[in-house]
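Subject: Handover of a model

Dear colleague,

Please find the structure below. My notes on what was found in it follow.

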Amino acid sequence: MSSVRLSRSARKKVLLVNCYFDDVRGPARRPRKVPHAIGPVYLAGALSSLCEVRLYNEVPSGPLEDPALLGWPDMLVLTGLTNAFDRMLHLTAYARTRNPRVIVVAGGPSVRALPALSRRFFDYACAGDIEELRDVVRDAFGPAFASETMVPRYDLAYWIGSIGHVEASRGCNFRCSFCSLTAEGRRYQSYPLEDLRRQILAMGPKKRLFFVDNNFYGVDRKLFADRIELIGEMRRQGYFADWGALVTNDFFHAEGNLERVREAGCRLLFSGVESFDTEWLEGVNKLQNVRCSPVELITKCLQAGVMFAYGLILDVTTRRLADLRRELDFVVGTPEIPLPGFLTLPIPLLGTPFFREALDKGAFLPGTKLRDMDGSTLCLRPLDPVDEVVDFIRDMLALRGYRRHALMHAARFTRLYRSTLRPMQMVLAMGSLGLLCADGMITGRTWSGPAGRVRRRTHVTTTEAVDSMYTPAFRVGSQYERHFMPTMVTDAEGRTTDELAEAAAPAAPRAEPRPKLMGGGVTSRVM
Ligand code: B12
Ligand code: SF4
């Protein structure tokens, strides 16, 4: 393939964008927000050397509004979280305005949940994994433009600094009722060790390495042991000094796991605690978390010299505020465990059992917007009065009312673990406090446009104003009017809209092909 030579003008120009809406609802940039999105980096590996490739990530760089860059590509490839669907529509309108012949390709959780709606807007609406982009490129440009072996393009990932990001697996073998992976129902798959080695080599030496897998531990114990051996070996060869990963609770149940990963250089594990309330965990089918006391498990991890990070879900739809406050009092009053890295509202992500339950119960608020599925906006009816819940959300997102206790907690935590945790790990622990109290400073927030475009938030989807980016940054054709209107989940009466009906339909059993990850084969075409 590389023997084919093309003049510069015959090469295909491809722009890959991670679309993103920030919680401040304005043109923010967050260069230090981690983990980083790596979708565009992996997708770029589908393109052969006959393509000229550029990446753009809206998290660190702010909204993409540069008319020159938007008019540049022959193909625009879009990825992003569920709530970024409307942002994909904005960029589609911009790119088509600047170049009516541009081919727009989109994928990710929202496209998977809304295939029919997506086909109305994008030339290729991909429900497959990253490998599907090779099929798209072959179909649109010809076989020579697709790569033979997919290797992530870290060389183009300008936003990844000293912390390299890789993935050793995809999917998850658990089925928590609120998780978008449960909605997608895909098989858990591990990368063969050779693929993992190839990713780390492509990344080049970094200070640290972070595995973004949903479930780094997985199901195959032998493969896990071999993976840790490979990581230890590459660390000894100097590719990185230490590493961190996301693991599910079962990892902590097996004897020897903590020691094994620490010996291989692991210094941080993130695990979804979600709540300390066993009944709530059972209700959301997070049964792997109720097998032993979370405080015991976290303490064991910290005492083994591995920093533990986690988030909590404040489920105001099934729990009283008084109950949630008791839980937070418990956390700040327990110096044996770190403070959570983030607090979030429950999100009824499309197609999850939690989403379906909310529909059945008529729990959606009127005028729910897909964009508001971000964890800081109320989309479902709470148990307590809405205005009290809003005050609670405002306070909790900034840890207001808990700051003095949180500082005392930090001091006691430091005293308890100063001999087992390294200074860098202590900084991470204090980072949780920083993220809750001074998120802008920790994530390096700046503005990529006038910050005055930011409006005060209501935190309730029915009344929350959409981001300033819903006003086009430059003139677009009237045929793109819908592209700048929010995609509605429910109408003014709280009924599911026609556009969202496909996500609400009962899930059909899926016959999933077994894709070969990265290096080799092809996934099925779902277009
Ligand atoms: C990095 C990350 C972030 C980053 C960047 C996210 C971004 N894209 O902008 C930050 C820190 C900003 C973030 C925030 C949040 N995140 Co996050 N995050 C991740 C993480 C760790 C890695 C994502 C990633 O890059 N994966 C690697 C790429 C290659 O895979 P992928 O994006 O999953 O895409 C797969 C398919 O969808 C498909 N695909 C995707 N795009 C395309 C495009 C094409 C053309 C094709 C062919 C295929 C394709 O291919 C991939 C598989 O091969 C995942 C966990 C995980 N391992 O997936 C969670 C995850 C995506 N996050 C999640 C959640 C819940 C959140 C928060 C809502 C948490 C919260 N309550 O605050 C917030 C949202 C905040 C906001 N304001 O919107 C959920 C899912 C959310 C969703 N569906 O919307 C995940 C899956 C974690 C989990 N298991 O719950 N997150
Ligand atoms: S363990 Fe995590 S990734 Fe797996 S289904 Fe539950 S929430 Fe999703």
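Tyr-94 is buried, with a relative accessible area of 0%; buried here means under 20%, exposed over 50% and partly exposed in between, with a 1.4 Å probe and protein chains only. Tyr-94 belongs to helix H4, residues 85-98. Helices (H or I, at least four residues) and strands (E, at least two) are DSSP runs numbered from the N terminus. Once neighbours within four places in sequence are set aside, the contacts of Tyr-94 (heavy atoms within 4.5 Å) are Leu-64, Leu-70, Met-469, Thr-471, Pro-472, Ala-473, Phe-474, Val-476 and Phe-484. Val-489 lies 395 residues from Tyr-94 along the chain, and their C-alpha atoms are separated by 24 Å.

The model is predicted: local features need pLDDT of at least 70 and side-chain atom pairs count only at pLDDT 80 or more, while totals for chains, interfaces and linings use all residues. Residues are numbered from 1 along each chain as its sequence is written, chains are lettered from A and ligands numbered from 1 in the order in which they are written, and side-chain values use heavy atoms, with hydrogens and water left out.

As for the whole chain, there are 21 helices and 16 strands. The radius of gyration, taken over C-alpha atoms, is 23 Å, close to the 24 Å that the globule rule (2.2 Å times the number of residues to the power 0.38) gives for 527 residues, so the chain is as compact as a globular protein of that length. The C-alpha trace spans about 65 × 60 × 45 Å along its principal axes. Of the 527 residues, 57% are buried. Where contacts join residues at least 6 apart in sequence, 77% of them link residues at least 24 apart.

The largest nonpolar core has 106 residues, and Leu-16, Phe-211, Phe-216, Trp-243 and Leu-269 touch the most other members. Such a core is a set of buried Ala, Val, Leu, Ile, Met, Phe, Trp, Tyr and Cys residues joined through side-chain atoms within 4.5 Å. Another core, of 51 residues, lies apart from it and includes Leu-70, Val-111, Leu-349 and Ala-358.

Glu-167 sits in the loop between strand E7 (163-166) and strand E8 (169-170). Is Glu-167 buried or exposed? Glu-167 is buried, at a relative accessible area of 16%. Beyond four places in sequence, Glu-167 is in contact with Tyr-42, Tyr-191, Leu-196, Gln-199, Val-212 and Asp-213.

Regards
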